[in-house]
Amino acid sequence: MTVSAQTNTTLQAIAQALSSRDDFVICGHVNPDGDCVGSQLALASALRALGKTVTCVFAQDIPYESTLACLPGFDGIIPSAEFAGAVDTFIAVDVSDAKRMGDAAKLFENASYRIIIDHHEVDTRTSELNYVEPDAAATSMIIWDLIGCFDVERDTDMAACTYVGLMTDTGRFQFQNTDARAFSAAAEMVASGADPASLSTAIYQNRTRASVALEHIMLGNIIYDDERQFVLSWVSRDDMESVGAKRSDAESLIDTLRSIRGIRVACILRGEDGCVRGSLRAKDATDVARIARLYGGGGHVAASGFTIHDTMDVARNSVLATLQKELS
Ligand code: 5GP
Ligand code: MN
């Protein structure tokens, strides 16, 4: 085993540690996505199959009307603020940084023992057992391998949860992180019962009309920068309210922006309570995590996010100027 800034253990050692412990809280990051929730639920299911006590928590809040509700076990996830009692073993999946754990950061800090399993680039270890593989397309793929180290059968529910994590983090097996390993893992998950057609219908062919109405507004706001090959658009809090859209209704909008011909980088800004959330995607080798970090955010080279605690007008002008500068 090579000890690095991010990793001080192996999946086998994590499997052993999990086998020897009994009581777990599994948490993901704020603004949970398919990879984080899929990883939580699959790991919880495997640990329960081993007879362990497991609680899955949302870092901050429940993603309202999330399409992820199709995942088996989703209804059992509780907000971390509702977790009562002491935490024995805290497992963070798809997140390494306590700052991205919202309310759950308190549980993380007070836990007797901590395990992190993630694929986001980080420069420090923050737990007793830290396993971070930036080359893994999804955290759920690491979880799939980890469950493979246990003496349990990887069943249909575990396969469906990890498949959704892999499908969503690779943008349906299209993004730069899609590699042979991702396809091999997907093949194993499908062989174990994950149904690609029904899962992709549940996640991608399940948009609300509010989401479509929001896209209509977003398309009217597009700023094209032909010279630097980026596109920026936004939807304000008022826009969202005007069509009855929830936060989850805005999630698919960045995919429309990145689908545009000739674009290297796509950015969307979404108005939230007292802040603006930004998402960045790169279609070439541009490092958009670096751009997100300029605003205190982060993520992956090709997919990152950030929050600006200001009005949409201020955020838009700032991000526009930053993209013009950084992409020149
Ligand atoms: P999204 O645009 O889908 O919210 O995020 C894209 C990627 O960037 C995800 O891997 C997500 O975890 C990461 N990310 C989003 N926002 C932040 C942030 O504020 N800080 C950090 N460190 N990562 C973020
Ligand atoms: Mn992920």
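Predicted model: local features only at pLDDT ≥ 70, side-chain atom pairs only at ≥ 80, totals over all residues.
Residues are numbered from 1 along each chain as its sequence is written, and ligands are numbered from 1 in the order in which they are written.

**Exercise 1.** Find which residues coordinate the manganese ion (ligand 2).

*Solution.* Start with the donors (N, O and S atoms within 2.8 Å of the metal, or 3.2 Å for Na, K and Ca). You get Asp 35 (OD), Asp 94 (OD), His 119 (NE2) and Asp 169 (OD), at 2.2 to 2.3 Å. Next, check their spacing along the chain: D-x58-D-x24-H-x49-D.

**Exercise 2.** Decide whether Asp 35 is buried or exposed, and do likewise for Asp 94.

*Solution.* Grab the cut-offs: buried is under 20% relative accessible area, exposed is over 50%, and partly exposed is in between (1.4 Å probe, protein chains only). Asp 35 has 0% relative accessibility, so count it as buried. Asp 94 has 1%, so it counts as buried too.

**Exercise 3.** Work out how H2 and helix H4 (residues 139-149) are oriented to each other.

*Solution.* Now compare with the classes: under 35 degrees is roughly parallel, over 145 roughly antiparallel, 65 to 115 roughly perpendicular, and the rest oblique. So H2 and H4 are roughly parallel. Finally, look at who meets whom (heavy atoms within 4.5 Å): Asp 35, Ser 39, Ala 42, Leu 43 and Ala 46 in H2 meet Thr 139, Ser 140, Ile 143, Leu 146 and Ile 147 in H4.

Technical notes
Heavy atoms only, no water. Axes fitted to C-alpha atoms, helices over the stretch in contact; angles between N-to-C directions. Helix = DSSP H or I, 4+ residues; strand = E, 2+ residues; numbered from the N terminus.
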